[in-house]
Amino acid sequence: RLLAGEPPLRVWREHRGMTASRLAELAGVTSAHVSKLESGKGEPSVALLRKLAKVLRTDIDLLVGPS
């Protein structure tokens with residue numbers, strides 16, 4: 001899925017069996033914010049990326065797409 005170009009945040013969230021609402025709750029943001037990030041319309045801060053990576057139990061580098 002990642003190689004097909006799907007948003008890494010969505011792929012990892014779904015891989016962990018988590019809803020966008022639950023991820024948002026655990027990361028301390030709104031579900032609208034998570035949705036925005038997953039659609040590529042938002043640019044997360046490094047601090048938020050760290051929180052998301054921790055919640056998803058993955059490396060921060062895996063949440064950012066190719067540059």
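**View 1. The buried residues of α1.** In this predicted model, P8, L9, V11, W12 and R13 of α1 are buried, where buried means under 20% relative accessible area, exposed means over 50%, and partly exposed lies in between (1.4 Å probe, protein chains only). Helices are DSSP runs of H or I with at least four residues, strands are runs of E with at least two, and both are numbered from the N terminus. What lies over these buried residues? The cover includes α2 (20-27), α3 and α4. After α1 comes G17, with a positive phi near 70°. Residue numbers start from 1 along each chain as its sequence is written, and side-chain values use heavy atoms, with hydrogens and water left out. Because the model is predicted, local features need pLDDT of at least 70 and side-chain atom pairs count only at pLDDT 80 or more, while totals for chains, interfaces and linings use all residues.

**View 2. The whole chain, for orientation.** Let us step back for a moment. The protein chain has four helices and zero strands, in the order α-α-α-α along the sequence. Its radius of gyration is 11 Å, close to the 11 Å that the globule rule gives for 67 residues, so the chain is as compact as a globular protein of that length. This radius is taken over C-alpha atoms, and the rule is 2.2 Å times the number of residues to the power 0.38. The C-alpha trace spans about 30 × 25 × 20 Å along its principal axes. Of the 67 residues, 31% are buried. The accessible surface comes to about 4400 Å², and 54% of that surface belongs to carbon and sulfur atoms; the areas come from the Shrake-Rupley method with a 1.4 Å probe, and for residues only the protein chains shown count as cover.

View 3. T58 sits in the segment after α4. Is T58 buried or exposed? With 15% relative accessibility, T58 counts as buried. Leaving out residues up to four places away in sequence, T58 touches W12, A53 and L63, a contact being heavy atoms within 4.5 Å. T58 and W12 are 46 residues apart along the chain, yet their C-alpha atoms are separated by 8.1 Å.

View 4. Most residues other than glycine have a negative phi. R57 has a positive one, near 55°. Which residues does R16 contact, leaving aside neighbours within four places in sequence? They are L56 and R57. R16 itself lies in the loop between α1 and α2 and is partly exposed, at 27% relative accessible area.

**View 5. S39 in its loop.** Look for S39 in the loop between α3 and α4. S39 is partly exposed, with a relative accessible area of 39%. How far apart in space are S39 and E6, C-alpha to C-alpha? The distance is 9.4 Å, although the two are 33 residues apart in sequence.

**View 6. The largest pocket.** Rolling a probe the size of a water molecule over the atoms shows where empty space is left. The largest pocket has a volume of about 300 Å³. Of its 15 lining residues, L37, G42, P44, L63 and V64 are the closest to the centre. On a 1 Å grid over the protein atoms alone, a pocket is an open set of points where a 1.4 Å probe fits, with protein on both sides within 12 Å along at least five of seven lines, and lining residues have an atom within 4 Å of a point. Grid points are joined across faces, edges and corners, and the volume is the space filled by probe spheres set on the points. α1 (8-15), α3 (31-38) and α4 (46-56) each supply at least two lining residues.
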